[in-house]
Amino acid sequence: MSESKSEPAANYRKPPEHTRFKKGQSGNPRGRPAKNLPALLAAALNEKVTVTENGKRRQVTKREAVIAQLVNKSASAELRATKMLIDMLRDIEKKAERTATAKSPFTPADKEVVQQLIARLRGNMCGGCPWAARRGELDGRPDGRDAKDTGQTRPAE
């Protein structure tokens with residue numbers, strides 16, 4: 001039997017040759033992605049540590065432990081800790097003010113269009129519903145009036 005140059009069958013642990021890595025080519029040419037400083041800091045602060053409070057042991061994140069220590073030192077009249085705490089509070093208040101005074105992305109014209117769309121959708125949804133007529137709710141008018149208000153009756157469906 002003569003052997004031909006046909007591709008051998010793909011079996012367990014032997015993928016087809018056209019999908020295998022080429023000679024001299026790495027499987028991960030860009031390498032492991034490097035972590036940036038904010039990611040490393042967040043990962044370190046989210047690690048759990050065991051602390052003892054009032055004779056009881058419990059696990060908290062390092063972030064919680066750092067804040068608790070800062071507040072405790074500030075309460076014991078340590079000026080450096082107090083200054084850091086006040087600066088942190090000031091930054092938090094500034095961020096809260098920025099989000100509270102953030103300009104609405106909608107103009108009054110946009111709000112009017114949305115209100116008209118809601119009124120039209122409510123009219124379409126309730127206008128053809130037999131249960132809406134039975135309960136005496138909206139009869140599909142965009143202004144929100146009932147048939148009772150105008151003295152008109154709805155046709156039987």
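Over which residues does pLDDT stay under 50, and how many contacts beyond four places in sequence does the model have for them? After that, please take me through helix α2.

Mentor: This is a predicted model, where local features need pLDDT of at least 70, side-chain atom pairs count only at pLDDT 80 or more, and totals for chains, interfaces and linings use all residues. Residues are numbered from 1 along each chain as its sequence is written, and side-chain values use heavy atoms, leaving out hydrogens and water.

The residues you ask about are 135-140, with 17 such contacts. pLDDT is the predictor's confidence in each residue, from 0 to 100. Contact means heavy atoms within 4.5 Å. The protein's mean pLDDT is 79, and 75% of its residues reach 70 or more. Confidence is lowest in helix α6, at a mean of 51, and highest in β2, at 96.

Now α2. Helices (H or I, at least four residues) and strands (E, at least two) are DSSP runs, numbered from the N terminus.

A65, L70 and S74 are buried in α2. Buried means under 20% relative accessible area, exposed over 50%, partly exposed in between (1.4 Å probe, protein chains only). Down the axis of α2, its buried residues fall within an arc of 165 degrees, so they line one face. The arc is that of the directions from the helix axis to the C-beta atoms. These buried residues pack against β1, β2 and α3. The face turned away carries exposed N72 and A75. Just after α2, A77 takes a positive phi of about 65 degrees.

Definitions and conventions. Expected span 1.5 Å × (residues − 1).
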